[in-house]
Amino acid sequence: MSQDQYFILPDGRTLSYTTYGTPVVPGQLTLFYFHGFPGTHDEGLPFHEAASKRGIVMIGVTRPGFGGSTHQPNRDLLSFPPDLLRLADHLGVKRFAIIGLSGGGPYALACLHALPPVRLLGGVVVSGMYPTALGLAGMMLLNRVLFNLVVWVPGLVAWLVDRFVVARVARDADHPEVYARVIADSFAHRPAEDREAVFADNGRLLRVLARSSVEALRHGADGFVREAWLFGSPWGFALEELRVERGRLVLWHGAKDVNVPVRMAEKAAQLIPNAEFRRCDDEAHISLCVNRMDEVLDVVAGILKL
């Protein structure tokens with residue numbers, strides 16, 4: 001596991017990343033990890049030991065506008081795959097797989113759409129976000145309001161988030177316990193499965209999520225708002241356009257997920273040619289990522305060996 005690292009892109013922007021699992025060496029099984037929303041590569045820490053056991057290098061990449069990655073004001077989902085490929089080239093990674101959790105899901109699908117299969121072997125999406133056009137029924141109210149409102153008045157959402165919601169609290173370096181409490185309180189009305197996963201082991205995962213969110217918002221709300229706008233707007237490609245060989249894309253989703261309702265994921269899976277869909281009836285949004293981690297990484301290891 002490495003410290004935060006930084007890669008300067010050709011246009012001068014900085015891309016922040018770190019590595020989990022085994023060290024980066026030529027020919028090693030390599031997985032790029034796409035964090036949730038909002039978040040940073042810090043979120044990948046719980047995967048470190050499981051990736052190490054499987055001999056997988058897992059590289060967590062922080063998206064533009066979050067943490068140490070430079071904000072890119074007019075970016076879209078398809079702006080990210082070229083950045084990822086340049087980072088892979090910089091690290092000497094010739095062939096790799098990807099994993100997108102929650103808000104990282106759209107970027108995993110964008111990479112599968114844009115990158116050549118000779119480089120990107122396949123990927124998995126866990127508790128992923130999908131196009132809002134598939135319907136928001138069953139999604140918790142806060143998310144429904146955000147994805148609808150941000151498309152029409154992004155400036156207002158930026159002001160509200162920065163002044164009254166989380167960014168201001170997240171930047172209070174003198175009182176980190178305040179933001180940790182905000183994160184903890186946000187789970188009060190989530191499914192019991194998610195609460196159990198977050199507060200288990202004396203709140204270890206809660207601390208990881210709090211750190212990831214603090215880093216994501218430390219420069220303000222611009223990255224948050226841009227990403228929410230992207231999720232609520234047309235993605236720039238249709239799910240039906242994805243061309244993935246059978247066995248190279250697996251979508252996991254919990255039936256108790258209220259962040260992204262399972263019906264949304266089921267519709268997406270029906271649209272993507274050759275996608276395998278795994279519905280987990282006893283899991284919610286975060287519990288799925290925790291409880292099925294070994295299963296997910298076993299599938300990733302299989303994809304990397306194809």
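This is a predicted model: local features need pLDDT of at least 70, side-chain atom pairs count only at pLDDT 80 or more; totals for chains, interfaces and linings use all residues.
Which residues are exposed on the other side of α5? Residues are numbered from 1 along each chain as its sequence is written, and side-chain values use heavy atoms, with hydrogens and water left out.

Okay, helix α5, residues 154–164: Val157, Ala158 and Val161 are buried here. They span an arc of only 100 degrees around the axis (going by the directions from the helix axis to the C-beta atoms), which puts them on the same side of α5. On the other side, Gly155 and Phe164 are exposed. Buried means under 20% relative accessible area, exposed over 50%, partly exposed in between, with a 1.4 Å probe and protein chains only. Helices (H or I, at least four residues) and strands (E, at least two) are DSSP runs, numbered from the N terminus.

Now strand β5, residues 96–101. Six of its six residues are buried, so β5 is largely enclosed by the rest of the structure. Phe96, Ile98 and Gly100 point one way, while Ala97, Ile99 and Leu101 point the other.

And who are its neighbours? Strand β3, residues 29–34, pairs with β5 in the parallel sense over four bridges; pairing takes at least two bridges found by DSSP. Tyr33 sits opposite Ile99 there. Strand β6, residues 120–126, runs parallel to β5 too, joined by six bridges, and Gly122 in β6 is the bridge partner of Ala97.
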